[in-house]
Amino acid sequence: MTAQDIIIRPVITEKSVTGLGMKKYTFEVAKNANKIEIAKAVEALFDVEVAKVNTINVRGKYRRQGRHEGYTPSWKKAVVTLTEKSKTIEFFEDMM
């Protein structure tokens, strides 16, 4: 898999934006990607140094719309912490 296949999109929520000051960035990643692959993909895409990666499997939530009901898709989330000497990711700079 390429780096673009592993990192799907950034997750921008109130909780994830509070971690930007500590150089913690949140991404939706491929379900079959492991921590090492995620770290290498972030380093390749954004030219930064990764200190550690935490992953979370997010279960799909039950939703109803009228008489139709079902579950939203489950997905995998990764919180990437950069090293202290690493530069920040430019995409997130205007959100701080």
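The model is predicted, with local features requiring a pLDDT of at least 70 and side-chain atom pairs counting only at pLDDT 80 or more, whereas totals for chains, interfaces and linings use all residues. Residues are numbered from 1 along each chain as its sequence is written, and side-chain values use heavy atoms, with hydrogens and water left out.

The largest pocket has a volume of about 190 Å³; on a 1 Å grid over the protein atoms alone, a pocket is an open set of points with protein on both sides within 12 Å along at least five of seven lines, a cavity is a set of points where a 1.4 Å probe fits but cannot get out, and lining residues have an atom within 4 Å of a point. Grid points are joined across faces, edges and corners, and a volume is the space filled by probe spheres set on the points. The lining of the largest pocket consists of Val 11, Thr 13, Lys 15, Ser 16, Thr 18, Gly 19, Lys 24, Thr 26, Lys 77 and Val 79, which by class amounts to two nonpolar, five polar and three charged residues. At least two lining residues come from each of α2, β2 and β6 (75-82), helices (H or I, at least four residues) and strands (E, at least two) being DSSP runs numbered from the N terminus. The greatest contribution to this lining is that of α2, with three residues.

One cavity of 30 Å³ or more is present in the structure, and the largest cavity holds about 30 Å³ of space. Val 11, Ile 12, Ser 16, Val 17, Leu 20, Thr 26 and Phe 92 line the largest cavity, a set with five nonpolar, two polar and no charged residues.

The partners are Glu 28 and Arg 9, whose closest N and O atoms are 2.6 Å apart. Because Glu 28 lies in strand β2 (residues 24-29) and Arg 9 in strand β1 (residues 7-10), the pair ties together parts that are 19 residues apart in sequence. Glu 28 counts as buried at 14% relative accessibility, and Arg 9 as partly exposed at 37%, where buried means under 20% relative accessible area, exposed over 50%, and partly exposed in between (1.4 Å probe, protein chains only). Leaving aside neighbours within four places in sequence, Glu 28 is in contact with residues including Ile 6, Val 11 and Trp 75, contact meaning heavy atoms within 4.5 Å.

Lys 23, in the loop between α2 (14-18) and β2, is buried at 16% relative accessibility. Beyond its neighbours within four places in sequence, Lys 23 is in contact with residues among them Val 80, Glu 84 and Thr 88, and a polar atom of the Lys 23 side chain lies 3.0 Å from the backbone oxygen of Glu 84. Most residues other than glycine have a negative phi. Lys 23, although not a glycine, has a positive phi of about 60°, and Asp 47, likewise not a glycine, has a positive phi of about 55°. Asp 47 lies in the loop between α3 (35-46) and β3 (50-58) and is exposed, with a relative accessible area of 59%.

Methods
Salt bridge = Lys/Arg side-chain N within 4 Å of Asp/Glu carboxyl O. Nonpolar A, V, L, I, M, F, W, Y, C, P; charged D, E, K, R; others polar. Polar contact = N/O pair within 3.5 Å; in protein donor to acceptor, adjacent residues only side chain to side chain.
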